[in-house]
Amino acid sequence: MIQLLTVVSRREIAKGATELICRRPDATAIEPGRFMHLRVGPLLRRPISIANVEGDLITFLFKEIGQGTKELARLRAGDQIDALGPLGNGFPVEHVAREAKIVLVGGGIGVPPLYYTMRRLVERGIACEAILGFDTADSVFYEAEFRKLGPTTVTTVDGTAGIAGFVTAALDSSRFDTLFACGPEPMLRSIQQVPVEHKFLSIENRMGCGIGACFACVCPTPDGHYVKTCSDGPVFRAEEVIL
């Protein structure tokens with residue numbers, strides 16, 4: 001569904017990272033882990049994960065990487081965005097057992113969808129923890145917001161904040177039976193090897209159409225086939241994909 005989102009607020013939350021809160025035409029529920037395909041001017045749409053939903057307000061967190069995200073970061077209150085979505089299949093929050101022991105692992109720009117996911121889990125009465133990985137202290141964002149939901153550990157590659165190293169350095173797999181993760185491909189490959197019974201990975205990939213028509217975001221599977229990140233995912237069981 002194409003809709004016009006109206007910008008309510010925009011702020012820088014870390015070096016090169018922006019929080020954009022928009023009002024949408026309706027207050028229909030959105031499952032955590034899904035994304036919107038946003039158009040800025042004449043540029044192609046950009047897939048941006050949904051970081052939070054509160055009534056008719058929707059929050060996006062993103063890094064300014066290319067021209068499209070730089071244009072998004074320049075928007076002001078009152079500006080409108082042509083949005084397609086919500087799209088894709090998210091994390092199975094409603095199907096997780098209440099007694100599950102859950103850890104959410106995010107790396108860099110893979111952190112945003114995990115905030116809404118953790119919030120929804122907590123609302124269901126499920127206790128969970130978060131591990132958030134960043135390059136350096138200047139790039140850390142939403143740490144305080146996650147801590148309000150539950151125990152949160154931050155790691156930085158250069159050791160300037162939290163634990164030095166990658167997210168796996170802070171992950172004690174023996175304490176959990178379910179893992180939700182989103183982040184760069186090398187991180188997700190490492191997560192695939194972590195001995196946790198249930199692992200769900202949100203794959204961030206370059207996309208064309210966002211609706212499964214162009215085959216620009218395919219990912220191979222162990223049985224020799226391919227899945228489309230945009231329409232079959234972006235969330236998959238760890239054993240369903242080859243990264």
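Me: Which residues does Thr69 touch, not counting those up to four places away in sequence?
Reply: In this predicted model, Thr69 touches Ile48, Phe62, Lys63 and Glu64 once residues up to four places away in sequence are left out.

Me: And where is Thr69 found?
Reply: Thr69 sits in helix α1, which covers residues 67-73.

Me: Is Thr69 buried or exposed, and why?
Reply: Thr69 counts as buried because its relative accessibility is 11%, and the cut-off for buried is under 20%.

Me: OK, new topic: the sheet. What is the order of the seven strands?
Reply: The order is β10-β9-β8-β7-β11-β12-β15, in an open sheet with mixed pairing. The edge strands are β10 (163-164) and β15 (235-237), and each of them pairs on one side only.

Me: How do β7 and β11 pair?
Reply: β7 and β11 pair in the parallel sense, over five bridges. As one example, Leu104 has Phe180 in β11 as its bridge partner.

Me: Which strands does α4 lie across?
Reply: Helix α4 lies across β7, β11 and β12, and runs at about 165 degrees to β11.

Me: Which residues of α4 are buried?
Reply: In α4 (residues 185-192), the buried ones are Met187, Leu188, Ile191 and Gln192. Looking down the axis of α4, these buried residues fall within an arc of 145 degrees, so they line one face of the helix. They pack against β7 (102-107), β11 (178-183) and β12 (198-203).

Me: And what about α2, which strands does that helix lie across?
Reply: Helix α2 (residues 112-123) lies across β7, β8 and β11, running at about 165 degrees to β7.

Terms used:
Residues are numbered from 1 along each chain as its sequence is written. This is a predicted model: local features need pLDDT of at least 70, side-chain atom pairs count only at pLDDT 80 or more; totals for chains, interfaces and linings use all residues. Side-chain values use heavy atoms; hydrogens and water are left out. Buried means under 20% relative accessible area, exposed over 50%, partly exposed in between (1.4 Å probe, protein chains only). Helices (H or I, at least four residues) and strands (E, at least two) are DSSP runs, numbered from the N terminus. The arc is that of the directions from the helix axis to the C-beta atoms. Contact means heavy atoms within 4.5 Å. Two strands pair if DSSP finds at least two bridges between them. Axes are lines fitted to C-alpha atoms, for helices over the stretch in contact, and angles run from 0 to 180 degrees between N-to-C directions.
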